[in-house]
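Please read the following report alongside the sequence and the coordinates.

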Amino acid sequence: MRIPGRRRGHLGTEADRAAFRALHQASLASPALREGLTASSAERSIRHLRALLGTPALALTDTAGVLAWDGLGSHHHAEQAAAAAALVAERGTTRTLDRKQVGCERPGCPIRNAVVSPLVVEGRVLGTVQAFAPSTSAGLLRATEEVAQWVSAQLELAELDAHRNRLIEAEVRALRAQISPHFIYNSLGAIASFVRTDPDRARDLLLEFADFTRYSFRRHGEYTTLAEELRSIERYLLLEQARFGDRLQVTLNIAPEVLTVVVPFLCIQPLVENAVRHGLERAEGVGHLRITAHDRGPDAVLEVEDDGIGEDPEKVRRALAGDASLDSVGLGNVDARLRATFGDDYGLVVETAPGAGTKVVVRVPKFAPGVSVGGTR
């Protein structure tokens, strides 16, 4: 019985369904290719690429040899596919291979012809896509070139990701170098002052110093939890309080629910050091530093506030823009890494004026795709 007012679901035309299948296969191949052209990424992506072309066999190669083969006729891949890869890598253009070049003495083997198209990234041929079939056609030639161009685009994105990660590593190394001379000199001076008068405190401070530097100079992972970052900051402040004594008063107010939020490594420490060095160190009398972290729906909001001498807003703008001539511990570095990780909505917000203290606000999402402890985005 047909119910009035209801219609059967319409799945679209055959062209619509074909487009969906192609997009689906491309989406399945993409994650592996975004890791670069390796034997592992080729093995994980090749069957999806062959589904895009619908050929009996497909090979992915670098410039020297076959990385992966999918489909029939794998006995062709040892010599013929490798030779074709070398030829196309040298010339940088798509080639077709006829029966003489592919040649097969095995009866019933469907591999008689091939289209070999280069994978090009930044003008360099990294490898080839090789589509094997009983015969070639203009359609197969065009389709293979389109797939090769799409694979090349994924590999170029992989190169950009790798370049971005190298830049971030360089930025973190630069930040470490910027922090260490000031802090290490001052910390060791403070510890030395207690060696004779209070050896037990000197020992405790030395252990805190060791733990702080171990965290700051670790080499695993681009991200850490807010809890780990704050634990390192507490060590830093213990050492600074040993130097300043009662002149440095610290208040921490941290909501427990934000402690597991993942943030870029060393993104809070520079803000605290700036508050101590530029806000409180040059101020007279007692200085107050307040660090708070709150749950704000989908975000965590952290504030570092001091009642020190404040700063010229124009100078802060230059620091956020990365002006290396300013004596500022990594404000531009931290701002750039936050924006690169979470988007432009998540940069630093700095409120300051001469004589009015400084407040730096950091807002980060509690969950962000691809951001995890120990990983790179």
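The paragraphs below describe the overall make-up of the chain and then its individual elements.

The model is predicted, so local features are given only where pLDDT is at least 70 and side-chain atom pairs only at pLDDT 80 or more, whereas totals for chains, interfaces and linings use all residues. Residues are numbered from 1 along each chain as its sequence is written, and side-chain values use heavy atoms, with hydrogens and water left out.

**Overall make-up**

The secondary structure of the protein chain comes to 10 helices and 12 strands; helices (H or I, at least four residues) and strands (E, at least two) are DSSP runs, numbered from the N terminus. Of the 377 residues in the protein chain, 45% are buried, where buried means under 20% relative accessible area, exposed over 50%, and partly exposed in between (1.4 Å probe, protein chains only). The protein chain exposes about 19,500 Å², of which carbon and sulfur atoms supply 53%; accessible areas come from the Shrake-Rupley method with a 1.4 Å probe, and for residues only the protein chains shown count as cover. Among the contacts in the protein chain with a separation of 6 or more, 66% are between residues 24 or more positions apart, a contact being heavy atoms within 4.5 Å.

**The five-stranded sheet**

Five strands form an open sheet in the order β2-β1-β5-β4-β3, with antiparallel pairing; two strands pair if DSSP finds at least two bridges between them. Strands β2 and β3 (95-97) stand at the edges with a single partner strand each, so one side of each is left without a neighbour in the sheet. From one strand to the next the twist averages 20°; axes are lines fitted to C-alpha atoms, for helices over the stretch in contact, and angles run from 0 to 180 degrees between N-to-C directions. Strand β1 (residues 57-62) is joined to β2 by five bridges, the two running antiparallel, and A59 stands opposite W69 in β2. Helix α2 (residues 39-53) packs on the sheet, where it touches β1, β2 and β5, and its direction makes about 35° with that of β2.

In the loop between β4 (113-121) and β5 lies G123, which is exposed, with a relative accessible area of 71%. G123 and G92 are 31 residues apart in sequence and 9.2 Å apart in space, C-alpha to C-alpha.

**Strand β10 and its partners**

Strand β10 (residues 299-306) has seven of its eight residues buried, so it is largely enclosed by the rest of the structure. Two antiparallel pairings involve this strand, and they are set side by side below.

| Partner of β10 | Bridges | Residues facing each other |
|---|---|---|
| β9 (residues 287-296) | eight | A293 and L302 |
| β12 (residues 358-365) | eight | V364 and A300 |

β9 and β10 form a hairpin with two residues between them, and G297 in the turn has a positive phi of about 65°.

**Aromatic pairs**

A search of the whole structure finds three aromatic pairs; rings of Phe, Tyr and Trp (its six-membered ring) pair if their centres lie within 6.5 Å, and planes under 30 degrees apart count as stacked, over 60 as edge-to-face and the rest as tilted. One of them is the tilted pair of W69 and F132, at 4.9 Å centre to centre with 35° between the planes. This pair links distant parts of the chain, since W69 is in strand β2 (residues 66-71) and F132 in strand β5 (residues 124-133), 63 residues apart. Both W69 and F132 are buried.

Another tilted pair is that of F212 and Y236, at 6.0 Å centre to centre with 35° between the planes. Here F212 belongs to helix α6 (residues 199-216) and Y236 to helix α7 (residues 226-244), 24 residues apart. F212 is buried at a relative accessible area of 2%, and Y236 counts as buried at 0%.

**Nonpolar cores**

The largest nonpolar core has 47 residues, and those with the most contacts inside it are V272 and L289; such a core is a set of buried Ala, Val, Leu, Ile, Met, Phe, Trp, Tyr and Cys residues joined through side-chain atoms within 4.5 Å. Helix α7 gives the most to this core, with eight residues. Leaving aside neighbours within four places in sequence, V272 is in contact with I233, Y236, L237, L289, I291 and V304. A second, separate core of 21 residues includes A42, L49, L60 and V129.
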